[in-house]
Amino acid sequence: MKPFFMKALSVVALGCALVSPSFADEPIVIKFSHVVASDTPKGKGADLFKKLAEEKFPGRVKVETYPNSSLYGDGKEMEALLTGNVQMLAPSLAKFSKYQKKIQIFDLPFLFEDIAAVEKFQISDKGKELLNSMRDKGIIGLAYWNNDVKHMSANKPLRKPSDARGLKFRVQASDVLDAQFKRLTAIPRKMAFAEVYQGLQSGVVDGTENPYSNVYSQKMHEVQKYITETGHAPLGYMVITSDKFWSGLPDDIRKGLEEILADVTVKVNQEAQALNQREKDRIIKAGTTEILTLTDAEKDEWRKAMVPVWKKFEGEIGTDLIEAAQKSNN
Ligand code: LMR
C-alpha cells in the first residue's frame, strides 16, 4: 500500500496536470506534410497558410510544414492523415483513386484545354461534390490548388507518340497514367515523387511527366535532355484534412482556417503559372534540356493516341462528370 503522503502527492500532481496553465495553453498543432520543394505553388501555399493561420490565432494554432517528403512521402501520407500523425496534406489529384475513383477525371489526357478550364470545373457543383466525396473514408477536401499542365520529358526527343515506344516512364500512383503510357506502347513505372531524380539519373526510368516547377525544383532537367510541351493534363492538388481532426476544432478556429484557405487558394492559383514560367526560363538558361514545342497537327496526333484512355475509365469516373468537365472548356 502507498504511504499516505505518496497518495497525496499523486492527487496534487494529477490536479496540476489538469489545471496547469501550460497544458491549457498548448496550441493546436497542424502538421502539413507534402512532397515538393518550398519554392513551388504547393510549397508556397503551405507556407502562406502557416503564416496567416499563426498570425490570426497567435498562441492558439501552430502550423508545421514539412516539404520534400521530409516527414511522409507518397504512399504513407494518407495513412498518416487517417491515423492522426499529420493533420493536412495536399496530394496531387492523381493520388486519390484508392479513396475516390471519380477524382481520376483530372488525369484523363487532353480532357481539359487549359488550367482555366480546370478551375472552372473545380468551382462547379460537380467539382465541389468531389471535395466532399470522401467523408465516408474520414477525409475532407478543403480546397483545390493547381500547379500547371504536365509536359513529357525523356532523354530522346518525343515529337510523335511513337517516339515513346519502349521507353520506361515514371508515373504517379495512378491507373489512368499507367494506361496513358501503355497506349503509347511505353512502359510505365509507378514511383514515389522523392525517387524520381534518382530513377532518371540511374536509368531505372527514361522519362517522366511534370510541370516545369517540379522539373526545376527536383533538378530533373539535369537528367532529362528533352521536354516536349505536350501540356496533356493538369497537375492539381486537393488540400485535405481528416474529418476527425477538423470536426474536433473549436468553431472559431475551424471557420478562421477555412477563410484563410480560401484566400491562400486564390493566391496559389493566381501565381502558379508565372512561377512555372520562371522555372521554364531557368531550365532554358541552365542549357541542359531542349524544349520542343508541337504544332497543332503534331499535338493532334498525341491527342488521338491518348484519348482512348477515356473509354477505359469512363465507367469509374462517370460520363456525367466527363461531360461537365468538357463544358468547362467553353
Ligand atoms: C508527382 O508525384 O509527380 C507530383 O504529384 C508531385 C507533386 O505533389 O507535385
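**Close-up 1. Lining of the second largest pocket in the predicted model, by residue class**. Of the residues that line the second largest pocket, 6 are nonpolar, 2 polar and 6 charged. The lining comprises 14 residues, and D74, G75, M78, K95 and A173 are the ones that lie nearest the pocket centre. Helix α4, residues 77-82, gives the most to this lining, with 3 residues. The space in the second largest pocket is about 300 Å³.

**Close-up 2. The largest pocket and the elements around it**. This pocket holds about 370 Å³ of space. Its lining is made up of 18 residues, with L131, L142, A143, Y144 and T265 nearest the centre. At least two lining residues come from each of α5 (115-122), α6 (125-131), β4 (139-149) and α11 (251-286). Sorted by class, the lining of the largest pocket has 9 nonpolar, 5 polar and 4 charged residues.

**Close-up 3. Open sheet of 4 strands with mixed pairing**. The strand order is β8-β5-β9-β11. Strands β8 (208-210) and β11 (290-292) are at the edges and have a single partner strand each, so one side of each is left without a neighbour in the sheet. On average, neighbouring strands of this sheet are turned by 25° against each other, direction ignored.

**Close-up 4. Pairing of β5 with β9**. Strands of a sheet pair through backbone hydrogen bonds, in either a parallel or an antiparallel sense. Strand β5 (residues 151-154) runs antiparallel to strand β9 (residues 226-228), and the two pair over 3 bridges. S153 has I227 of β9 as its bridge partner.

Key
Residues numbered from 1 in each chain as written. Predicted model: local features only at pLDDT ≥ 70, side-chain atom pairs only at ≥ 80, totals over all residues. Heavy atoms only, no water. 1 Å grid on protein atoms, 1.4 Å probe; cavity = no way out; pocket = protein on both sides within 12 Å on 5 of 7 lines; lining within 4 Å. Points joined across faces, edges and corners; volume = space filled by probe spheres on them. Nonpolar A, V, L, I, M, F, W, Y, C, P; charged D, E, K, R; others polar. Pairing = 2+ DSSP bridges. Axes fitted to C-alpha atoms, helices over the stretch in contact; angles between N-to-C directions.
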